[in-house]
Amino acid sequence: MDPVIVVGAGPVGLSVALALTRLGVPCVVLDETTGQEDTRPARTAVLRPDTAAFVARIGCADALETAGTRWTAWRTMRRRRLLERVAFAPPAPDAPEGPATASPLHLPQHALTRALRAALAHEKLAEVVTGSRLAALEQDEHGVSAQTRGPNSTWWRGSYLIGCDGPRSTVRKLLGIRFPGRTAVERHAVAALRCELPWPGEALLHRSPPRHGGGPGSEVSARPLAGHLWRLDWLLPPGRELVTPDALVARIRDSLAGWSADAPPDADDETGDANGGPSARGRGRQVPPYELLDTGVHTVHHRLARSWREGRAFLAGDAAHLLGALGTQSLDEGLRDAENLAWKLGLAWHHGASELLLDSYQAERRGAVAARLRAADQALPLLRDGGAARWRTVLPGAVRGRSTLLTDGHLGRGPLGAPPVYARTPLAPPAEHTVGPPVETLPGAPVAEVTVTASDGSVVRLSDRLGRGLLVVLVAPGTGVWDRRHWQSAGLMPRLAEAVEALPMDAEILVTEAYPGAAAHTVLLVRPDGHLVTALSGVRPDDMAACADAVRGGAHGREAVAGRSRRSDDPGESPASGDNGAGEGEGSAVDPVGTSMLHSEND
């Protein structure tokens, strides 16, 4: 069978290719660049625990720990007052963290891309073709043909094609898919610098800082990186005014002076400092030493492609969606696209797939991103220019303030940031086969991170076993003291092993001492991307088989719903889609101050 063609060699394209090769699916990655990633310290990525685990699982764990930083805490301030401080648990391989305490991972995007390229270079099933710009696309019932121009100009034949080629996606345009939404929802000035701040290892969101005039629209964030580096972001007022280097340096100095801890007043307000600029005049504190490494302007757009699948071609990452206001992370959602699509195309490549399985990618992922865009669009007026009276009118009885809601996007909480729940997935099993004991995880939600014992006796995290097939997790208190040489023949294990062997898709048995809210002998069925299918009381072979068949899309008999979730009038449309243009929107970008905007390279 022909390989899968991936168009675009950013983090999303490289990730989906790596995930597919790990499933035994050959891939050709068409990269229009030379394959050399620019070093841009101001362009960074924040990965939530689920997306960081996905990237680690496909071969980049060492690079994440070397180049990335896990914050020790998050601070939210308004003016001079600390509103909230969220402490994160230190990472410990033998003590999995809960979602409330797990820290995001912050790293330069070029480091992530290089790690993914290096991992893909060791995969025998992968081929990265640089200098290849997509020019034409043709489909038939057996596969996809793609023509490239450049040094490697030729026609490529693939079983499927995935467009990960950014906000100005050629794949999307060749497929005739519209890309409505809003342009320049927010703009931020960005700087990467080496310095010492009063909160080492802690990220900060500072609203209405006194040194920026204290207005309701002013905001600055500081996020630590490895090597005593920090990324600082300033929310810019609406408009397209050019941010000059002098203006950005003034913002840097103003913020650093305001954060300096118990520093004495300037001896001479008119003197310069080691960075060549004027000192903070009459502000009462000195500007601490710093080294400016990179600057830019980051522009956020909200767009959502009308369709994410056309025949054997799919869209992922910035080619399918643009978001990023209020702390949400576009790259996070792109990596979730990659994980969701990879296991489904893996099934399709090896075993064939129903239209329902292939359509479920759009139904799940487009619906999740649309919900995120709706939440941001509803919150933006309140958080940016809404007064207290308007806040109470729109959200009567709301107990969380605006600053806490804004923090949610940065920390991966609530509608702005929490991992998606596929509650209405077309892959849900029939209700009569899912009657079981309640657990704290809802069907369709990501499973909790727990320690599990695999069939070879190894003790690992549940997330380490995701990605290949269905996971069948038995909750069996006390198994930690079993002699693992005999554990497969104890209790329910023989009957469970027999039931798993009869399932219509590959599955692995895992055993855990406990799972949140689960009683002893509960059996959890978990999808390859870590979302819960259902929880059952004990071993129920018929129900397990029905659930497994639903997860693979009923590949041998449920074709009646083919194409249903590809319709453009599905309920996942974002209210952001005021611009019905064909999709020339720019993506989230970080560009040198004073230059024209560049498109995003997140994909």
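The model is a predicted one, in which local features need pLDDT of at least 70 and side-chain atom pairs count only at pLDDT 80 or more, while totals for chains, interfaces and linings use all residues. Residues are numbered from 1 along each chain as its sequence is written, and side-chain values use heavy atoms, with hydrogens and water left out.

A nonpolar core is here a set of buried Ala, Val, Leu, Ile, Met, Phe, Trp, Tyr and Cys residues joined through side-chain atoms within 4.5 Å, where buried means under 20% relative accessible area, exposed over 50% and partly exposed in between, with a 1.4 Å probe and protein chains only. The largest such core has 72 residues, and those touching the most other members are Val4, Leu20, Leu47, Val55, Leu161 and Ile162. Its largest share, eight residues, is supplied by helix α6 (residues 330-351). Apart from this core lies another of 26 residues, including Leu347, Leu474, Leu503 and Met544. If neighbours within four places in sequence are left aside, Val55 is in contact (heavy atoms within 4.5 Å) with Leu47, Cys60, Leu64, Leu112, Leu116 and Leu335.

Helices (H or I, at least four residues) and strands (E, at least two) are DSSP runs, numbered from the N terminus. Helix α6 is mostly covered, with 20 of its 22 residues buried. The expected span of a helix is 1.5 Å times one less than its number of residues, so the 22 residues of α6 should span 32 Å, which agrees with the 32 Å between its end C-alpha atoms. Just after α6, Gly352 takes a positive phi of about 80 degrees.

Strands of a sheet pair through backbone hydrogen bonds, either parallel or antiparallel; two strands count as paired if DSSP finds at least two bridges between them. Two bridges link β4 to β7 (residues 105-108) in the antiparallel sense, and Thr69 stands opposite His106 in β7.

Another open sheet of three strands, also with antiparallel pairing, has the order β9-β10-β11, with β9 (133-140) and β11 (154-158) as the edge strands that each pair on one side only. Strand β9 runs antiparallel to β10 (residues 143-149) and is joined to β10 by seven bridges, and Leu134 stands opposite Thr148 in β10.
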